Amino acid sequence: MPIVVDIDVMLAKRKMSVGELADRVGITPANLAVLKNGRAKAVRFTTLAALCEALRCQPGDLLRWEPENTANG
């Protein structure tokens, strides 16, 4: 998927665990893991805002676009 989720980078910078972030945001650690591992199909703006508030960052610190690798024939 061309959207890459960098929550793990911000967790490391803030020295925060997945469980602590999930508690602060108000979602389950399992749902946070789905988002963190790039398996989520969508994210609510309210969840993104809560993540940014808890991690003191901007949405662009958590999400970035990378082009998909395409084989040149």
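Guide: What follows is a set of questions about the terms used for this predicted model.

Visitor: What makes up the chain, in order?
Guide: The chain has 5 helices and 2 strands. Read from the N terminus, the order is β-α-α-α-α-α-β. The C-alpha atoms fill a box of roughly 50 × 20 × 20 Å along the principal axes.

Visitor: How are two packed helices described?
Guide: The description uses the angle between their axes and the distance between the axes.

Visitor: How do you know which residues of H2 and H3 meet?
Guide: Contact means heavy atoms within 4.5 Å. By that test, Val18, Leu21 and Ala22 in H2 meet Pro29, Leu32 and Lys36 in H3. The contact of H2 with H3 has 5 nonpolar, no polar and 1 charged residues. Lys counts as charged, so Lys36 is the charged residue here.

Visitor: Where does H1 come in, and which of its residues meet H3?
Guide: The axes of helix H1 (residues 7-14) and H3 come within 9 Å and cross at roughly 115°. Ile7, Asp8 and Leu11 in H1 meet Leu32, Leu35 and Lys36 in H3. By class, this contact has 4 nonpolar, no polar and 2 charged residues. Asp and Lys count as charged, so Asp8 and Lys36 are the charged pair in that count. Leu32 and Lys36 are named in the contact with H2 and again in the contact with H1.

Visitor: Why is Ile27 called partly exposed?
Guide: Ile27 has 22% relative accessibility. Buried means under 20% and exposed means over 50%, with partly exposed in between. The value for Ile27 lies between these cut-offs, so Ile27 counts as partly exposed.

Visitor: Where is Ile27, and what does Ile27 touch?
Guide: Ile27 is in the loop between H2 and H3. Leaving out residues up to four places away in sequence, Ile27 touches Ala22 and Leu32. Ile27 and Ala50 are 23 residues apart in sequence, and their C-alpha atoms are 10.0 Å apart.

Visitor: How much of the chain counts as buried?
Guide: Of the 73 residues, 27% count as buried. The chain exposes about 5100 Å², and carbon and sulfur atoms supply 53% of that area.

Terms used: Residues numbered from 1 in each chain as written. Predicted model: local features only at pLDDT ≥ 70, side-chain atom pairs only at ≥ 80, totals over all residues. Heavy atoms only, no water. Helix = DSSP H or I, 4+ residues; strand = E, 2+ residues; numbered from the N terminus. Buried < 20%, exposed > 50% of the residue type's maximum accessible area, 1.4 Å probe, protein only. Areas by Shrake-Rupley, 256 points an atom, 1.4 Å probe, with all protein chains shown as cover. Axes fitted to C-alpha atoms, helices over the stretch in contact; angles between N-to-C directions.
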